[in-house]
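User: I'd like to learn how to read a model like this one, feature by feature. Could you walk me through it?

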Amino acid sequence: MENLFNRYRNFTTLILVLFAQLVLLAYQVKNNKDVPFLRFWTVTAVTPIATVIEDVRSGVAGFFENYFTLRDVRGENKKMREELGRLKLENQFLKTELATADRARALAAFESQSQSKMLAARIIGTGTGANNKVVFIDRGSNSGVQKGMGVVTPDGIVGKVLAAYPTAAQVLLVTDPGFGAGVISQKNHVRGVVKGLGYGRCRVDYVENEQKVDMGEMFYTSGDDRVFPKGLPVGKVTAVHDGSTAKEIFVSPIALEDSPEEVLVILEGINKEIPAHQEPARQVYLGPDPASGAAEGAALSGPVQTTADKVMDRTKEIGEQQGHKFGVNPGGGKPIDFNIKLNPEAGKNGAPRQSVIGTPQAAPGDLLDGDVTDAPPSPAPPAAAPPKTPPQAPGTPPKTAAQAPAAAPPKAPASAPPKR
Amino acid sequence: MSYSSERELALDRESQSSRFKTWVFFIVPILAILFQVYVPLFFNFLGFLELPLLVTIYFALMRRSQIRGLFIGAVVGLAQDSLSKNPLGMFGICKTLVGYFAASLGLRIDVEQPFVRLLLTFLLFCFHQFLYWVMARALLAQTYPFDWREMAILAALNSVVGVFLFHFLDRLREER
């Protein structure tokens with residue numbers, strides 16, 4: 001027996017180690033329990049080193065950044081160069097400080113605006129494994145962080161605490177396939193559960209095909225999961241289409257777009273209202289300035305004419321040719337003939353157009369085109385159809401003969417509407 | 001090959017095994033895990049590197065001892081599991097087997113040649129990824145797709161990095 005064991009010693013050891021790990025795995029999976037002491041040791045051993053490395057990195061990065069900046073400003077004058085270098089060093093330092101202060105101020109502002117009790121933390125490491133979307137933050141159970149607490153930034157939700165250790169905590173990111181949170185859409189108030197996809201985007205499940213979700217619509221936390229308070233931004237819809245059983249909605253988490261370095265842990269969450277949806281302002285077409293074309297030619301000047309304007313102009317010209325004054329002729333006079341053809345030369349040089357009296361040849365549609373005949377104009381004496389004064393409108397002062405042409409001035413060719 | 005001749009060959013190879021100072025076995029795996037935890041935060045493109053696996057392969061190959069190889073794999077794997085969200089044992093089992101097989105190969109072939117190291121790292125990386133995927137499906141009911149092409153590319157990249165890493169780690173060996 002001993003000989004047999006010696007012969008297969010390596011293989012036996014392998015089987016024993018594998019079996020032990022399988023038992024460990026089965027215990028965790030079956031009882032849904034973790035083996036905290038092993039994780040505790042590892043995290044406690046690794047995260048302090050990560051924190052130290054992060055501090056050293058910040059210092060070294062600042063030093064080298066300043067060093068390379070200093071190299072760039074070498075000039076001819078040594079004193080000026082040293083002065084410039086000193087100022088640049090100081091400038092870089094202050095910029096770094098300012099950027100850090102800006103981020104801290106944004107976090108503090110968000111924290112003060114929110115009624116929830118929050119704790120600021122810094123991301124110090126990522127989890128291992130290809131599909132694991134987890135990070136470590138530098139606040140742990142010593143600071144009051146507990147498993148299941150939500151982690152956010154002013155932009156939106158980041159994830160939730162998966163495990164809390166004394167000096168650090170492990171945060172499951174919103175993009176992890178194991179992540180889930182209740183959400184509600186801003187515009188249509190559609191409820192669902194956001195889940196990570198493992199590659200930077202999320203999906204909102206349990207939304208029926210009949211419910212309406214628009215592209216670009218924002219999703220907010222609904223507060224149903226008791227992890228995130230209601231009203232925190234989650235992400236914007238990037239794709240939506242009907243699925244076999246439920247709608248397939250893909251969301252881009254906005255909080256992870258800029259790889260946050262500082263986060264807030266929600267110690268006590270308080271719901272707030274989801275901001276009202278505002279339709280984006282529609283684009284209004286602004287046409288070119290009509291006056292801008294005036295210099296190009298007189299024909300293009302003048303107000304924009306509609307079909308009704310053309311009809312009115314033509315009617316006025318016909319009336320002028322027949323000596324008719326609209327609104328002036330007395331009742332019982334000869335009715336105006338609208339079927340005459342206008343003289344093309346009439347109206348030029350300020351003279352009234354001559355009318356061609358005859359059978360109507362123009363179709364109703366031709367009226368709008370402003371057609372003219374090639375026939376020589378036969379002068380129609382204005383006296384042949386003397387204007388008859390129409391019944392005067394009450395309250396209108398009576399017009400004299402001298403006033404009448406002024407009331408209807410001849411149309412100048414320059415002001416003629418352009419043909420369309 | 002008879003048992004005795006196989007045993008003799010194994011003993012001969014074991015006598016050629018590389019020796020390292022004790023601290024190397026602690027510091028190098030910890031640095032590899034730290035690298036995987038910390039560096040992708042700032043250089044996202046380096047997330048493809050599986051340094052803990054490369055370190056496991058190196059020590060198993062160079063020590064030429066199956067028991068040492070499987071224990072190195074188990075410890076590194078469990079440490080990696082501790083920093084992931086998965087139950088403990090997933091990476092542990094994979095790396096245990098990788099360590100065992102790497103040590104078995106180290107007993108039979110000359111692993112000092114860069115090309116042999118490249119090829120072995122490529123194969124063992126593929127084996128590790130596939131085994132992890134099978135275990136995740138079978139034991140944890142996680143159904144994420146398995147992309148052969150992506151795995152092959154990652155294996156190739158890790159193999160190239162592995163050759164250079166192994167060359168660097170060779171300098172930590174003790175002189176005989």
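Analyst: Happy to! Let's begin with a strand pair: strand S10 (residues 233–241) of chain A and strand S11 (residues 248–253) of chain A run antiparallel, joined over six bridges. Keep in mind that this is a predicted model.

User: What holds strands of a sheet together in general, and which residue stands opposite A:Val237?

Analyst: In general, strands of a sheet pair through backbone hydrogen bonds, and the pairing is either parallel or antiparallel. Here, A:Val237 faces A:Val251 in S11(A).

User: Let's turn to backbone angles. Where does A:Tyr206 lie, and what is its phi?

Analyst: A:Tyr206 sits in the loop between strand S8 (202–205) and strand S9 (218–221) of chain A. Its phi is positive, about 65 degrees, although A:Tyr206 is not a glycine. A:Arg226 is another residue to look at: its phi is near 65 degrees, again a positive value in a residue other than glycine. You will find A:Arg226 in the loop between S9 and S10 of chain A.

User: Why does A:Tyr206 count as partly exposed, and why does A:Arg226 count as exposed?

Analyst: Count the C-beta neighbours inside 10 Å. A residue with 12 or fewer is exposed, and one with 20 or more is buried. A:Tyr206 has 13, so it counts as partly exposed. A:Arg226 has 10, so it counts as exposed.

User: Now helix packing. At what angle do the axes of H3 and H5 of chain B cross?

Analyst: The axes of helix H3 (residues 51–63) and helix H5 (residues 90–108) of chain B cross at roughly 35 degrees and come within 7 Å. The crossing of H3(B) past H5(B) is right-handed. Residues on the H3(B) side include B:Leu53, B:Ile57 and B:Leu61, while those on the H5(B) side include B:Val98, B:Ala102 and B:Leu105. By class, the residues of this contact are nine nonpolar, three polar and two charged.

User: And how many residues does each chain bring to the contact between chains A and B?

Analyst: Chain A brings 34 residues and chain B brings 30 residues. On the chain A side, helix H2 (9–31), helix H3 (36–72) and strand S1 (117–126) each supply at least two residues. H2(A) gives the largest share, eleven residues. That side of chain A has 19 nonpolar, 14 polar and one charged residues.

Definitions and conventions. Residues are numbered from 1 along each chain as its sequence is written. Chains are lettered from A and ligands numbered from 1 in the order in which they are written. This is a predicted model: local features need pLDDT of at least 70, side-chain atom pairs count only at pLDDT 80 or more; totals for chains, interfaces and linings use all residues. Two residues are in contact if their C-beta atoms, placed from the backbone, lie within 7 Å. Helices (H or I, at least four residues) and strands (E, at least two) are DSSP runs, numbered from the N terminus. Ala, Val, Leu, Ile, Met, Phe, Trp, Tyr, Cys and Pro count as nonpolar, Asp, Glu, Lys and Arg as charged, and the others, Gly among them, as polar. Axes are lines fitted to C-alpha atoms, for helices over the stretch in contact, and angles run from 0 to 180 degrees between N-to-C directions. A crossing is left-handed if the near helix is turned anticlockwise from the far one by less than a right angle, and right-handed if clockwise. Two strands pair if DSSP finds at least two bridges between them.
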